[in-house]
Amino acid sequence: MSPLRIHEPARDIDVIHRCDVLVLGSGPGGLAAALAAARAGVSVALVERFGCFGGNITVVGVEGLAWYRHEQTVEANGIGREFEERAKAMGAAVPESQSLSYEIDAEGFKLVADQLVQEAGIHPMLHRVVVAPVMDGDSIQGVIVESKAGREAILAQRVIDATGDADIAHRAGAPTHKTPLEHMQAASVMFHLAGVDKARFMAGVRADPQTYSDWATGEWKIETSGKEDKMFSPFLKKPFAQALEAGLIPAHLTTIAGTWGAMHDSGELTYMNLVHLAGCDGTDPDSMTRFEIEGRLQAMLAIEALKRFTPGCENARLRNFGMTVGIRDTRKIDAVYNLTEHDVREQGRFDDSIGIYPEFIDGYGILILPTTGRYMQIPYRCMLPQGVKNLLVTGRAIGGDRISHAATRNMACCAVAGQGAGIAAALSVKDGVGLDAVSIPAVQKELSRQGVRYL
């Protein structure tokens, strides 16, 4: 009988790289952090487990970075806006269907991200999974990674955890909490279609326009502020209800519904956000395995329903899936300051603001769009984990309660937080002070220099 545990012998691990600031994860938060730190004048390495930078944009296929944007929306700009503008300039973005933003092409953004990283002089480290922190007491000194090359060590003066799940903060001993499985926001499998007749599809949309009030179905209840209810939404529900009635979709699959992003002249219908997987734990590989398979199955059922019941989709076919399921909700750190529902609903203001974010809440049955000029500030302290030195956490794992997460998890907010984290880490190194003692006025001055609004 096999033993229940094995003993792994101690071994020496080669240090393959040293830098001032090490960023773990290259989604919108991590990529923004790495670029901001490099532009602030320190050496930066960026570690990513996949073969491209961009995270949720490129790996998952979430192409709507700023789909909340309307005429009165007030934003931080900075690197998050640069992602959109650079994508447009490189032919990797088209107008988004429900907002004044551009939908970023997931494949094209791989090239955009490559160019941004190279221009900034960042040391790129793809195809490496971060497996453990290197600690000296309560101070993080770097990380150990695994790859085809085996185990390797990377050392740095400051580390930024942008893994999305606070992986390294958690393993370094920082207090974290994970949303109970039954309360986690659903995961999504994103996909894109080809072969759609644009003229017929758009005629069908105009003939039966959907609004955000249609998001409230028998399965979902949506709380809005009221002003969203009559606004156009690229929402698809009716084809799947018809498919359920016809027996094309099994009776238990009642949650297939959602939005599309852009209808291209080429016949591509992109950013199909229709598959929502409750009970998927992004920190459990067995759960992820089960829902990757289930999500692709549901996507194909959704495509069959669209072909049967949606004008213009009769000859539609799958173009591609995202490389992995999209996770909205797992661990968060217990930070020096944890954002609250009041902060995101009532325009929170902070002396240590590192950027602003519009009044956009999307999650846990709440949808509020920033159409009135209201916004909140993001405090630096929500990225400072307790109990571990030399470490910042950025992206969707920053400190906050359940409803604040429905705002801060969004990619544009991750980019705002990431840029602040990168600048703070860089100035901490240059000034020779701890991350908890970094000069906030100096951080804000550099934010202004990098084009960020923080007040």
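Which residues does Asp 281 touch, not counting residues up to four places away in sequence? Point 2 takes this up.

1. Basis. This is a predicted model, in which local features need pLDDT of at least 70, side-chain atom pairs count only at pLDDT 80 or more, and totals for chains, interfaces and linings use all residues. Residues are numbered from 1 along each chain as its sequence is written, and side-chain values use heavy atoms, with hydrogens and water left out. Helices (H or I, at least four residues) and strands (E, at least two) are DSSP runs, numbered from the N terminus.

2. Asp 281. Asp 281 touches Lys 178, Leu 181, Met 184, Ser 287, Met 288 and Thr 330, with residues up to four places away in sequence not counted. Contact means heavy atoms within 4.5 Å. Asp 281 sits in the loop between strand S16 (276-277) and H8. Its relative accessibility is 11%, so Asp 281 counts as buried. The cut-offs are: buried under 20% relative accessible area, exposed over 50%, partly exposed in between (1.4 Å probe, protein chains only). Pro 180 is 101 residues away from Asp 281 along the chain, yet their C-alpha atoms are separated by 9.3 Å.

3. Arg 49. Is Arg 49 buried or exposed? At 51% relative accessibility, Arg 49 counts as exposed. The residue is found in the loop between strand S2 (44-47) and H2. Leaving aside neighbours within four places in sequence, Arg 49 is in contact with His 127, Arg 128 and Val 129. Arg 49 and Val 159 are 110 residues apart in sequence; C-alpha to C-alpha, they are 16 Å apart in space.

4. Helices H7 and H8. The axes of H7 (residues 238-246) and H8 (residues 285-309) come within 9 Å and cross at roughly 95°. H7 and H8 are therefore roughly perpendicular to each other. Axes are lines fitted to C-alpha atoms, for helices over the stretch in contact, and angles run from 0 to 180 degrees between N-to-C directions. Angles under 35 degrees count as roughly parallel, over 145 as roughly antiparallel, 65 to 115 as roughly perpendicular and the rest as oblique. On the H7 side, the contact holds Pro 239, Phe 240, Gln 242, Ala 243 and Ala 246. H8 brings Ala 302, Ala 305, Leu 306 and Phe 309. The residues of this contact divide into 8 nonpolar, 1 polar and no charged. Here Ala, Val, Leu, Ile, Met, Phe, Trp, Tyr, Cys and Pro count as nonpolar, Asp, Glu, Lys and Arg as charged, and the others, Gly among them, as polar.

5. The four-strand sheet. An open sheet of 4 strands runs in the order S14-S15-S11-S17, with antiparallel pairing. S14 (262-263) and S17 (317-321) stand at the edges with a single partner strand each, so one side of each is left without a neighbour in the sheet. Two strands pair if DSSP finds at least two bridges between them. S11 (residues 191-194) and S15 (residues 269-272) are joined by 2 bridges. Leu 193 has Leu 269 in S15 as its bridge partner, and Phe 191 stands opposite Met 272. S14 and S15 are also joined by 2 bridges, with Ala 262 opposite Thr 270. These two strands form a hairpin with 5 residues between them. Gly 267 in the turn has a positive phi of about 95°.

6. Strand S19. Of the 6 residues of S19 (residues 353-358), 6 are buried, so the strand is largely enclosed by the rest of the structure. S19 pairs with S22 (residues 375-379) in the antiparallel sense over 4 bridges. Pro 358 has Tyr 375 in S22 as its bridge partner.

7. Aromatic pairs. How many aromatic pairs does a search of the whole structure find? The search finds 9. In the pair of Tyr 68 and Tyr 357, the ring centres are 5.8 Å apart and the planes at 75°, so the pair is edge-to-face. Rings of Phe, Tyr and Trp (its six-membered ring) pair if their centres lie within 6.5 Å; planes under 30 degrees apart count as stacked, over 60 as edge-to-face and the rest as tilted. Tyr 68 lies in the loop between H2 (56-60) and H3 (78-89) and Tyr 357 in S19, so the pair ties together parts that are 289 residues apart in sequence. Both tyrosines, Tyr 68 and Tyr 357, are buried.
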